Amino acid sequence: MFAWDEGLDDVQLAVATHGDDPLVVVAGAGTGKTRALTARVASLLDRGVSPDRVLLLTFTRRAADEMLTRAARLVGLRGEVRPNGGTFHAVAHRHVAAHAQVLGLPKGFGVLDPAGACDLMDLLRHEHQLTGNQARFPRTPTLVELYSRCINTAKPLRQLVPTDYPWCEPHTETIAGLFRDFTERKRRSSLADFDDLLLYWRALLEHEELGPHLADRFRYVLVDEYQDVNPLQVDIVRRLAPDGRGLTVVGDEAQAIYGFRGSAPRHLRELVDGCPDASTLCLERNFRSRQRILDLANVVRPTEEGAARIRLTSDRGDGPRPTLLRCYDAPSEARAVVDAVLEANVAGVPLRHQAVLVRAGHHSDLIEVELTVRKVPYRKYGGLRFFEAAHVKDFVAAARLLDNPSDEVAWYRVLRLHRSIGPTRARGLIETVQPDMADALVRWPELVAAAPPATRTALSASFGALNEARGLGAPGRRAEAVLAAVRPLLEGRYDDAPARLRDLDRLVGAATTVDDLPAWLAELTLDPPASSGDLAGPPHLDEDYVVVSTIHSAKGLEWPVVHLPHLVDGAVPSDMALSSPEGLEEERRLFYVAVTRARDELHLYAPLRLPHHRHARDDRHSFAPLSRFLDDEVQQTLDVQEEARPRSAVAAAGTARVVVELDALWS
DNA sequence: GGTAACTGGGTTTTT
DNA sequence: CCCAGTTACC
């Protein structure tokens with residue numbers, strides 16, 4: 001037999017060998033839930049369950065790949081037969097693509113990432129003439145965010161705006177009209193944004209005949225990080241496992257940190273309450289952090305009625321107490337963080353074993369400056385990704401047109417790549433092939449005829465080539481032809497075109513191994529791979545680098561040494577979250593997630609003074625209130641130090657503003 | 001009407 | 001830093 005149970009402790013083993021009744025695993029941070037879930041999948045396969053009857057749902061692609069690959073290896077499965085799995089969105093896309101016709105979508109429908117959704121919203125905004133002197137109408141990304149929040153929280157616009165976007169309230173009716181059109185236009189363009197994938201999947205599962213059939217395909221459904229599901233995903237899981245048989249969910253209410261996209265700690269509780277025959281197993285033995293870190297974590301861990309009363313105990317000994325350094329001001333804090341990173345590095349901790357975690361992206365601004373000035377390589381998580389690079393989007397837009405000529409967002413993007421065609425002309429040209437765009441690519445000469453004479457040669461070349469590419473069979477050949485069509489456009493547009501085209505050559509090379517081009521493009525849109533090119537990376541690309549990340553992006557990850565700067569009220573907890581008690585509770589959970597990322601050392605920092613405004617023109621500072629989460633009880637678990645003033649004037653000059661006084665010359 | 005360069009303003013977290 | 005609007009010039 002296979003050794004999938006090797007090294008599991010009793011509870012993990014119980015998870016792995018549990019029968020078919022619904023199972024809820026409450027897993028504190030770092031307690032080996034991935035290991036338990038992997039073992040459970042392996043154990044199912046070992047019992048003879050067919051891999052295609054198992055479905056594993058996660059929130060990140062990394063988590064899904066890791067578990068499925070390990071499980072398959074543990075039971076010696078060959079490469080081709082793997083259990084089903086992936087992120088909710090990726091699995092949703094697979095099902096929606098397979099049953100597109102039922103949903104009234106063409107096979108080659110496109111997937112809109114948030115930036116694409118912004119492009120479409122922008123188009124509509126112009127059509128609605130909501131541009132120009134309009135008094136403080138929300139910006140396009142805000143609108144897209146708001147739309148998504150309505151879907152994810154299942155709350156009507158009129159309810160959400162007053163509480164979550166009060167400054168948009170005067171425009172509620174206008175926004176409602178815009179949103180109606182946005183939905184309709186996605187339909188007409190055969191496009192689905194990320195949220196639509198979940199809506200469509202749920203619709204399939206609710207379909208009278210098809211739904212039960214789809215649910216029956218999976219005998220075992222396993223869901224990771226269940227505390228992060230939104231109401232849509234709750235429905236999907238319920239439909240996949242209507243009676244709870246074969247359902248396993250793993251989660252921890254104390255780590256629910258995605259309220260803004262509809263997750264809530266109560267979802268886990270409601271699942272337990274709704275399944276009277278469910279068993280609950282608790283993982284409390286922590287394999288990650290040293291006990292002194294867990295002493296802090298156990299005090300920080302929220303104790304509301306719902307959150308399971310877990311006390312994490314370490315398997316790895318005491319270790320040093322976490323430190324709290326109260327710094328003179330924010331620049332001084334930045335220096336202190338980098339000092340500590342380098343100190344640890346000298347003591348033998350590689351940079352890649354250290355992370356700086358912040359509440360909001362901009363909280364690391366000064367630290368990044370300091371890292372750059374002192375030539376410490378770092379990489380910012382959630383920073384520029386391959387697919388956020390403009391040239392890749394250009395290519396993908398062109399490729400999408402082949403299978404879905406109704407894709408207005410793709411047309412808009414490709415048209416604007418041409419010299420002398422900006423937003424206005426692009427919109428106008430799209431109108432010439434509307435309303436029926438099904439054969440718009442074949443009718444490209446009409447579009448060219450409507451364009452200004454100076455642009456016609458270039459337009460003919462691009463769209464003629466794209467139309468030709470449509471006829472090619474193999475995805476690899478089509479991708480090649482698309483690249484050939486846009487190559488001259490990119491060369492004319494970007495100063496660094498050669499590097500960008502190298503990126504795209506690699507991408508096109510990868511397309512030769514796929515059998516469905518639109519599906520491949522969609523997958524890449526859902527899970528943008530990090531660029532290996534020299535475009536997207538930060539200035540230093542050495543192998544060893546410090547990770548700078550938001551706490552959200554750090555979920556599920558760990559580092560031997562973790563630095564948590566900016567622990568002041570307003571940042572942690574975020575002042576944006578303070579208007580409601582639930583908001584504050586979520587901020588505490590976020591802090592809990594942050595401290596439990598550390599294996600050996602944890603360093604907390606709080607500046608004593610902050611500028612009055614983020615972009616202050618003057619140098620006025622106010623005293624910063626220490627994070628309310630660092631109360632007396634918490635401080636008992638810490639080594640607290642106070643830094644009275646910047647330690648060295650020379651170091652201070654590193655980031656200080658230098659002002660040369662010239663007034664004397666004119667007086 | 002397009003484009004580039006500049007100005008003023010601004011609520012956070014992501015698949 | 002990023003977006004949207006404005007201005008000057010083609």
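Trainee: What covers the buried residues of helix H25?

Mentor: In this predicted model, the cover over the buried residues of H25 (residues 581-595) includes helices H13 (291-300) and H24 (551-554), together with strands E12 (354-358), E15 (559-564) and E16 (598-607). Among the buried residues of H25 are Glu586, Arg588, Phe591, Tyr592 and Val595.

Trainee: How do you know that the length of H25 agrees with what a helix should span?

Mentor: H25 has 15 residues, and at 1.5 Å a residue these should span 21 Å; the expected span is taken as 1.5 Å times one less than the number of residues. The end C-alpha atoms of H25 are 22 Å apart, which agrees.

Trainee: Why are H14 and H15 called oblique to each other?

Mentor: Helix H14 (residues 330-346) packs on helix H15 (residues 365-373) at an angle of about 50°, the axes being 9 Å apart. Angles under 35 degrees count as roughly parallel and those from 65 to 115 as roughly perpendicular, so H14 and H15 are oblique. Their crossing is right-handed.

Trainee: Which residues of H14 and H15 meet there?

Mentor: From H14, Ala330, Pro331, Ala334, Arg335, Val337 and Val338 meet Leu366, Ile367, Glu370 and Leu371 of H15. By class, this contact has 8 nonpolar, 2 charged and no polar residues.

Trainee: What makes Leu417 a buried residue?

Mentor: The cut-off is 20 or more other C-beta atoms within 10 Å, and Leu417 has 21, so Leu417 is buried. Leu417 lies in the loop between helix H17 (408-416) and helix H18 (423-433). Beyond its neighbours within four places in sequence, Leu417 is in contact with Asp394, Val486, Leu489 and Arg493.

Terms used
Residues are numbered from 1 along each chain as its sequence is written. Chains are lettered from A and ligands numbered from 1 in the order in which they are written. This is a predicted model: local features need pLDDT of at least 70, side-chain atom pairs count only at pLDDT 80 or more; totals for chains, interfaces and linings use all residues. Axes are lines fitted to C-alpha atoms, for helices over the stretch in contact, and angles run from 0 to 180 degrees between N-to-C directions. Helices (H or I, at least four residues) and strands (E, at least two) are DSSP runs, numbered from the N terminus. Angles under 35 degrees count as roughly parallel, over 145 as roughly antiparallel, 65 to 115 as roughly perpendicular and the rest as oblique. A crossing is left-handed if the near helix is turned anticlockwise from the far one by less than a right angle, and right-handed if clockwise. Two residues are in contact if their C-beta atoms, placed from the backbone, lie within 7 Å. Ala, Val, Leu, Ile, Met, Phe, Trp, Tyr, Cys and Pro count as nonpolar, Asp, Glu, Lys and Arg as charged, and the others, Gly among them, as polar. A residue is buried if 20 or more other C-beta atoms lie within 10 Å of its own, exposed if 12 or fewer, and partly exposed in between; C-beta atoms are placed from the backbone.
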